[in-house]
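This report describes one protein for a reader who has not seen it before. It goes from the whole chain to single residues and pairs.

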Amino acid sequence: MSEPRLQGAGFLNFKFCMIYLASDHRGFELKGKIKERLKDWGYEYEDMGAFEYDKDDDYPDFISKVAEMVANDPERSRGIILGGSGQGEAMAANRYKGVRAAVFYGFYPQGSEDIIKLSREHNDANILSLGASFIDEEAAMKAVKLWLETAFSGEERHVRRISKF
């Protein structure tokens, strides 16, 4: 098997090929802005829906597609999912074997960046779930960039714990 391509201009802490995105109506606008930024940063991505704003859509219909793609290739793919709180979206994604979705609401005064970093370094999160009703565009972009740049530590204790999921 060939070595996965590095993606993302200058982001060297990871080896994955594709970022999958999905949102319901609450995250639809922010997802569009994240797609623009991913393109600017040189990432490959695929939008799994929603493809139009519909206030009555159901997030599991879209989140499940991202979770399935990441579960099928967890070493070479990542997901970014969005909804109002990000909680239900993470719950739906975490039903898939091999998926480890972490929720992010925003940066707060103490340890704010640590939440994003630890989700990758200690938990090897492969899906980032954003609570679009609680964060602005600037915080979302900062979180996405930091999350994509942060590698899993690979420390034995974290590998052992993840294997027990």
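A residue is called buried if its relative accessible area is under 20%, exposed if that area is over 50%, and partly exposed in between, with a 1.4 Å probe and protein chains only. The model is a predicted one, in which local features need pLDDT of at least 70, side-chain atom pairs count only at pLDDT 80 or more, and totals for chains, interfaces and linings use all residues. Residues are numbered from 1 along each chain as its sequence is written, and side-chain values use heavy atoms, with hydrogens and water left out.

**Overall layout**

Helices (H or I, at least four residues) and strands (E, at least two) are DSSP runs, numbered from the N terminus. The protein has six helices and five strands. Read from the N terminus, their order is β-α-β-α-β-α-β-α-β-α-α.

The accessible surface, from the Shrake-Rupley method with a 1.4 Å probe and with only the protein chains shown counting as cover for residues, comes to about 8,800 Å². Carbon and sulfur atoms account for 49% of that surface.

A contact means heavy atoms within 4.5 Å. Among contacts between residues at least 6 apart in sequence, 74% join residues at least 24 apart.

**Residues far apart in sequence**

Tyr-43 sits in the loop between helix 1 (28–41) and strand 2. Its relative accessible area is 6%, so Tyr-43 is buried. Tyr-43 and Ile-19 are 24 residues apart in sequence, while their C-alpha atoms are 7.6 Å apart in space.

Ala-140 belongs to helix 5. Ala-140 counts as buried because its relative accessible area is 0%. Leaving aside residues up to four places away in sequence, Ala-140 touches Leu-30, Leu-130 and Ile-135. Between Ala-140 and Gly-106 there are 7.5 Å from C-alpha to C-alpha, and the two are 34 residues apart in sequence.

**Salt bridges**

A salt bridge is a side-chain nitrogen of Lys or Arg within 4 Å of a carboxyl oxygen of Asp or Glu. By this rule the count comes to twelve salt bridges. The table gives three of them.

| Pair | N to O distance |
|---|---|
| Asp-47 and Lys-31 | 2.8 Å |
| Glu-137 and Lys-33 | 3.5 Å |
| Glu-156 and Arg-160 | 2.8 Å |

Asp-47 and Lys-31 meet at 2.8 Å, N to O. This pair links distant parts of the chain, with Asp-47 in strand 2 and Lys-31 in helix 1, 16 residues apart. Asp-47 and Lys-31 are both buried.

The salt bridge between Glu-137 and Lys-33 is 3.5 Å, N to O. It also links distant parts of the chain: Glu-137 is in helix 5 (residues 137–149) and Lys-33 in helix 1, 104 residues apart. Glu-137 has 33% relative accessibility and so counts as partly exposed. Lys-33 is partly exposed as well, because its relative accessible area is 27%.

Glu-156 and Arg-160 both lie in helix 6 (residues 156–163), four residues apart, which is about one turn of the helix. Glu-156 counts as exposed, since its relative accessibility is 53%. Arg-160, at 34%, counts as partly exposed. Elsewhere, salt bridges that share partners join Glu-29, Lys-33 and Glu-137 into one network.

**Backbone features**

Most residues other than glycine have a negative phi, and most peptide bonds are trans. Which peptide bond is cis, with omega about -10°? The bond that joins Gly-49 and Ala-50 is cis. Ala-50 lies in the loop between strand 2 and helix 2.

Asp-124 has a phi near 50°, a positive value in a residue other than glycine. Its place is the loop between helix 4 (112–121) and strand 5 (127–131). With a relative accessible area of 13%, Asp-124 is buried.

**A charged surface patch**

Patches are made of residues with over 30% relative accessible area and no salt bridge, with like charges joined within 9 Å and nonpolar side chains (Val, Leu, Ile, Met, Phe, Trp, Tyr) within 5 Å. Lys and Arg count as positive and Asp and Glu as negative, while His and the chain ends are not counted. The place of a charge is taken as NZ of Lys, CZ of Arg, CG of Asp or CD of Glu. Glu-52, Asp-54, Asp-58 and Asp-61 form a negative surface patch. Glu-52 is found in the loop between strand 2 (45–47) and helix 2 (60–72). Glu-52 counts as exposed because its relative accessibility is 60%.
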